[in-house]
Amino acid sequence: MPVRAPFLRTALLAAALLTACGTTPEPAATPSAAPSGEATGESAGRTAGKAAEEPSREPAVKAAGPLGGPGTACALPVSFSLAEGWEAKAIEKPKDPALTSLVTQGPATVLCEAKSEGTPDIAFLRVWTAPKGSARSVLKAFAEADESKGIVLTDLKAGAVPAVEARYSVYSKLTEEWRRTRSFAVRTDGGAVVVVGLAGLDSGEDAVTAAYELAKSTLRLS
């Protein structure tokens, strides 16, 4: 077939030249698995994406009703939803000045205490107030007045209200160990500062912190 002969001769000549130079044409690449580094990177990316989509590990809690408004257990400068199983009561200031230290912590005085009565945890959600100051300064002094360490302050929102949150460890003389806890503070329109904080032996338990998060996310100024 004369038409194909030139092409055949050209192909044979090219092959001969490649062989003479010690070069062997590489076989065509075949699909293969991605290098382990690339696969790990893609997997990490997918894992990170899933982690970002995952909700908080703190268990969901049901709201039993509001606390802080008219007709509730405590008359407060703020109101928020109290978790189911928690019971609140107002704290009265002692008439004896010598007992004032029982209801104060740093610049703040406790107004209300909610206890996790209907749960297996021993924990309290307490509401404190200070007559003046910034939310940050009052919260910092409040946390430092306890036997605490590792205080980290963060600006955030409690409901739609600008707030500051403190996360830190406090020492329990009863169990002789450090336990994690948290509290947040907001400044009211009247200039007072309200601190909502966790206390108790189980203040770091998931169900307890979920009740705290519920209070924080639903907070409103009264």
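**Close-up views of a predicted model**

Figure 1. Within E10, Gly197 is the bridge partner of Ser183. Strand E9 (residues 177–187) runs antiparallel to E10 and is joined to it by five bridges. The two strands form a hairpin with five residues between them, and Gly191 in the turn has a positive phi of about 100°. Strand E6 (residues 124–130) is also antiparallel to E10, with seven bridges joining the two. Val127 has Val196 of E10 as its bridge partner.

Figure 2. Side-chain directions along E10. Val193, Val195, Gly197 and Ala199 point one way, while Val194, Val196 and Leu198 point the other way. Seven of the seven residues of E10 are buried, so the strand is largely enclosed by the rest of the structure.

Figure 3. Beyond neighbours within four places in sequence, Ser203 is in contact with Arg179, Arg180, Thr181, Leu198, Val208 and Thr209.

Figure 4. The disulfide between Cys74 and Cys112. A search of the whole structure finds one disulfide, with an S to S distance of 2.0 Å. The torsion about the S-S bond is about 70°, so the disulfide is right-handed. Cys74 lies in the loop between strand E1 (63–67) and strand E2 (78–83), and Cys112 in strand E5 (residues 108–115), so the pair ties together parts that are 38 residues apart in sequence. Both Cys74 and Cys112 are buried.

Terms used:
Residues are numbered from 1 along each chain as its sequence is written. This is a predicted model: local features need pLDDT of at least 70, side-chain atom pairs count only at pLDDT 80 or more; totals for chains, interfaces and linings use all residues. Side-chain values use heavy atoms; hydrogens and water are left out. Contact means heavy atoms within 4.5 Å. A disulfide is a pair of cysteine sulfur atoms within 2.5 Å. Helices (H or I, at least four residues) and strands (E, at least two) are DSSP runs, numbered from the N terminus. Buried means under 20% relative accessible area, exposed over 50%, partly exposed in between (1.4 Å probe, protein chains only). Two strands pair if DSSP finds at least two bridges between them.
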